[in-house]
Amino acid sequence: MARIVMKFGGTSVGDVERIKNVAQRVKREVDAGHEVAVVVSAMSGTTNQLVGWTSAIARLHDAREYDVVVASGEQVTVGLLALALQDIGINARSWLGWQIPFRTDGIHGKARIDRIETEEMERRFAQGQVAVVAGFQGIGPDARITTLGRGGSDTSAVALAAALKADRCDIYTDVDGVYTTDPRIVSKARKIDRITYEEMLELASQGAKVLQTRSVAMAMQHGVRVQVLSSFVDVPGTLVVDEDEIVEQQVVTGIAYSPDEAKITLVGVPDRPGVAGAIFGSLADAAVNVDMIVQNVSQDGQTTDLTFTVGQADLDRASDVLNKLQADLAYAELVADPNVCKISVVGVGMRSQPGIAKTMFQTLADKSINIQVISTSEIKVSVLIGNDYTELAVRALHTAFGLDADADS
């Protein structure tokens with residue numbers, strides 16, 4: 001007997017028939033004698049609709065009330081799945097985030113989990129009951145509903161698996177594993193059998209949509225064994241594991257892209273100590289995450305230009321924060337560009353293989369694609385390019401690094 005956390009995303013529970021299909025998958029694990037907790041997202045499209053409604057009411061909305069609205073989608077799904085399980089003879093009940101509870105900090109819209117109190121759930125396991133848990137939800141220190149950010153149900157599932165000391169966490173999606181890149185763009189993309197936590201973390205943070213970044217970081221921290229599977233076909237998925245479980249490393253494992261980026265350039269920023277701290281400190285206080293950062297060399301010793309990226313969803317908030325600082329910081333102009341895309345080449349084998357950046361830059365140059373910003377880490381090289389060149393860049397890099405499915409034939 002094993003203890004398993006099963007997580008199903010929005011497309012997996014997109015309608016009543018799909019919820020019934022999920023119930024049958026859960027029943028299969030229960031019939032095998034396993035203890036099961038199921039974490040579910042809102043039905044496909046529901047969260048987008050709820051977010052749209054909040055934005056239509058108020059562009060810079062109260063994040064606490066935003067959480068009240070967008071957390072409601074998961075409540076519907078857990079209730080329906082619990083009913084579907086009961087209908088096929090499985091003892092099951094639904095749990096909302098505040099009922100368990102998932103204790104979080106008070107950063108609404110992007111809350112972080114502090115702890116999960118699983119005592120009652122453990123007691124119900126002993127009675128043979130399946131727990132159907134609302135992902136994405138938590139409760140803050142002020143007893144207000146919180147949410148974990150887009151894709152937060154993945155984090156809910158991994159965190160619950162860690163708290164329950166589960167044997168594994170199975171993430172069911174609309175794809176049958178992790179691919180070398182998005183197969184909708186590159187038809188020759190290959191499914192990866194095993195991928196390291198580090199590689200998956202970089203791919204997720206650079207735009208791959210299969211797993212949420214924080215869920216991978218949490219899995220790595222707590223040693224949670226994660227498996228990515230399809231809800232619709234019974235085929236082996238992708239295991240996310242420690243690096244020492246993979247015998248032979250590829251130099252480059254995958255190509256990720258993130259079209260949800262926006263570039264901000266502050267023109268004529270005073271070139272003096274403390275200015276960058278004031279800029280990025282104010283953005284951090286507003287819960288705006290900054291990614292790529294480039295500061296031009298000061299030509300006159302007085303001013304410089306500062307360029308960085310934020311998520312498109314944070315562009316209005318970031319611009320609002322910086323516009324209010326203009327008088328104090330004395331920069332000349334704020335230029336925002338939402339029409340950019342970040343492309344990243346990822347692989348743990350890059351640690352010991354020189355020339356990856358050269359190949360990447362030359363490949364893009366050969367396609368006449370201009371690079372706007374560059375950033376690197378030990379196992380990643382990222383560039384910012386115009387949105388119009390996204391698919392061309394991904395296809396060209398996938399071929400250049402030998403990732404095409406027929407590369408060995």
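Modeller: Asp-170 is found in strand S9, residues 168–173. Strands (E, at least two residues) and helices (H or I, at least four) are DSSP runs, numbered from the N terminus. The model is predicted, so local features need pLDDT of at least 70 and side-chain atom pairs count only at pLDDT 80 or more, while totals for chains, interfaces and linings use all residues. Residues are numbered from 1 along each chain as its sequence is written, and side-chain values use heavy atoms, with hydrogens and water left out.

Asp-170 is buried, with a relative accessible area of 1%. Buried means under 20% relative accessible area, exposed over 50%, and partly exposed in between (1.4 Å probe, protein chains only).

What does Asp-170 touch? Not counting residues up to four places away in sequence, its contacts are Ile-4, Val-5, Met-6, Lys-7, Gln-227 and Leu-229. Contact means heavy atoms within 4.5 Å. The side chain of Asp-170 also makes a polar contact of 2.9 Å with that of Arg-168. A polar contact is a pair of N or O atoms within 3.5 Å; within protein, one must be able to donate a hydrogen and the other to accept it, and residues adjacent in sequence count only if both atoms are side-chain atoms. Gly-109 is 61 residues from Asp-170 along the chain, and their C-alpha atoms are separated by 25 Å.

Val-5 leads on to the largest nonpolar core, of 41 residues. Such a core is a set of buried Ala, Val, Leu, Ile, Met, Phe, Trp, Tyr and Cys residues joined through side-chain atoms within 4.5 Å. Val-5 is among the members that touch the most others, as are Met-121 and Val-133. Helix H6, residues 152–164, gives the most to this core, with six residues.
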